[in-house]
Amino acid sequence: MNISSQKEADFSVMSYNVSVFNTYQYLNQDYKESKGMIDWILKDDTDIYCFQEYYNCDTLLKKSNPDSLFQLNRKLTDIKKLHLYAPPFLTNHIGATFGLGIASKYPIIDQGFIKFNKKVSGVTNGIIWVDVVNDSSDTLRIVNFHLQSLAIDNGNKTNESFIEKGINIFKKVYHSSLKREEQVDQLNSLIKNCKYPYILCGDANSLPYSNAYFNLKKHTKDSHFTGDYGWSFTYRDLPIRIDYTFFDHQRLENTHTEVLKSNTYSDHLPLKSYFKWVSE
């Protein structure tokens, strides 16, 4: 990356869908991918993290949590010394929690969450936000979101004809896009009259030419176009961009943004952005 852009920045923010840290064994062998991802995060120097599909497990059951590998809350706060907000959107039978997480170098002074209707969205889809204060007493709002998934395969009948299946897929895509637009309205409500500069990070499950994307850009700027690397993708297995960092371009300057393509532990690639405060 451009080293001068990093030096010019006041702080950095990362958006990262961590795919529950690959906790399910079918996602990796002997938790090799999980260990690699978690070790990478603990060594990384980003100031503020927005994790989608965040996961924490405190159980002592070795089968589910070998060597306390998935005690992410403790590792981020006790080892990495970050301030953490990770409200559980779902808790399973062993007490493990799923949802969204924000980990910050700076103290958190306020926080909140919005859970989407689970009848029309994934159980762990939603929005969380925090207000943080830096060493110069500047306050910043960070919003982390995971919008409605396509869920194309959910509930499809195996005996459907090709035409029936195509029609049902179209309906799912159409209705999920409508739900994302409603969810974007909730996102915009958190920043429309916000007295602090703000940054929105997350997995939008939407392409850059969707209505949801353009509605997100009404009050923000897409950091993707600040990067000097040209067009890039955020999904590991397909050439698509569905992960974003939007920011308040009136009060913040994005000096550089990059997709960390070498980090392939998750099916989403980390998106790291550098910012500086705009002098009034």
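Mentor: Let's go from the whole chain down to single residues.

Mentor: A word on the ground rules: this is a predicted model, where local features need pLDDT of at least 70, side-chain atom pairs count only at pLDDT 80 or more, and totals for chains, interfaces and linings use all residues. Residues are numbered from 1 along each chain as its sequence is written, and side-chain values use heavy atoms, with hydrogens and water left out.

Trainee: Fine. How many helices and strands are there in the protein chain?

Mentor: Helices (H or I, at least four residues) and strands (E, at least two) are DSSP runs, numbered from the N terminus. Here the protein chain has five helices and 13 strands.

Trainee: What percentage of the residues in the protein chain is buried?

Mentor: Buried means under 20% relative accessible area, exposed over 50%, partly exposed in between (1.4 Å probe, protein chains only). Of the 280 residues in the protein chain, 51% are buried. As for contacts (heavy atoms within 4.5 Å), take those with a separation of 6 or more: 68% of them join residues 24 or more positions apart.

Trainee: Which residues have the most contacts inside the largest nonpolar core?

Mentor: A nonpolar core is a set of buried Ala, Val, Leu, Ile, Met, Phe, Trp, Tyr and Cys residues joined through side-chain atoms within 4.5 Å. The largest one here has 23 residues, and F21, I41, F51, Y55 and F70 have the most contacts inside it. At least two residues each come from β1 (11–17), α2 (32–43), β2 (48–56), α3 (72–79) and β5 (97–104). The largest share, four residues, is supplied by β2.

Trainee: And what is F21 in contact with, beyond its neighbours within four places in sequence?

Mentor: F21 is in contact with S34, M37, I38, I41, Y54, Y55, F70 and L72.

Trainee: L72 belongs to α3, then. How do I read a helix face?

Mentor: An α-helix has 3.6 residues a turn, so residues three or four places apart point the same way. In α3, the buried residues are L72, K75 and L76. They span an arc of only 90 degrees around the axis, so they lie on the same side of α3; the arc is that of the directions from the helix axis to the C-beta atoms. The cover over these buried residues includes α2, β2, β3 (83–85) and β5. Just after α3, K81 has a positive phi of about 60 degrees.

Trainee: On to sheets. In what order do the six strands of the open sheet come?

Mentor: Two strands pair if DSSP finds at least two bridges between them. The open sheet runs β6-β7-β8-β9-β11-β10, with mixed pairing. Because β6 (108–115) and β10 (221–222) stand at the edges, each with a single partner strand, one side of each is left without a neighbour in the sheet. Two bridges join β10 to β11 (residues 243–247), and these strands run antiparallel; K221 has F247 as its bridge partner in β11.

Trainee: Is β9 enclosed or open to the outside?

Mentor: Largely enclosed by the rest of the structure, because six of the six residues of β9 (residues 198–203) are buried. Y198, L200 and G202 point one way, while I199, C201 and D203 point the other. Six bridges join β9 to β8 (residues 139–146), running parallel, with R141 opposite Y198. Five bridges join β9 to β11, running antiparallel, and D203 stands opposite D243 there.

Trainee: Where is V132, and what does it touch?

Mentor: V132 sits in β7 (residues 126–133) and counts as buried because its relative accessibility is 2%. Leaving out residues up to four places away in sequence, V132 touches I48, S104, Y106, P107, I108, D138, T139 and L140.

Trainee: Last one: which side chain does the side chain of T46 make a polar contact with?

Mentor: A polar contact is a pair of N or O atoms within 3.5 Å; within protein, one must be able to donate a hydrogen and the other to accept it, and residues adjacent in sequence count only if both atoms are side-chain atoms. For T46, in the loop between α2 and β2, the partner is the side chain of D44, at 2.5 Å. T46 is buried, at 4% relative accessibility.
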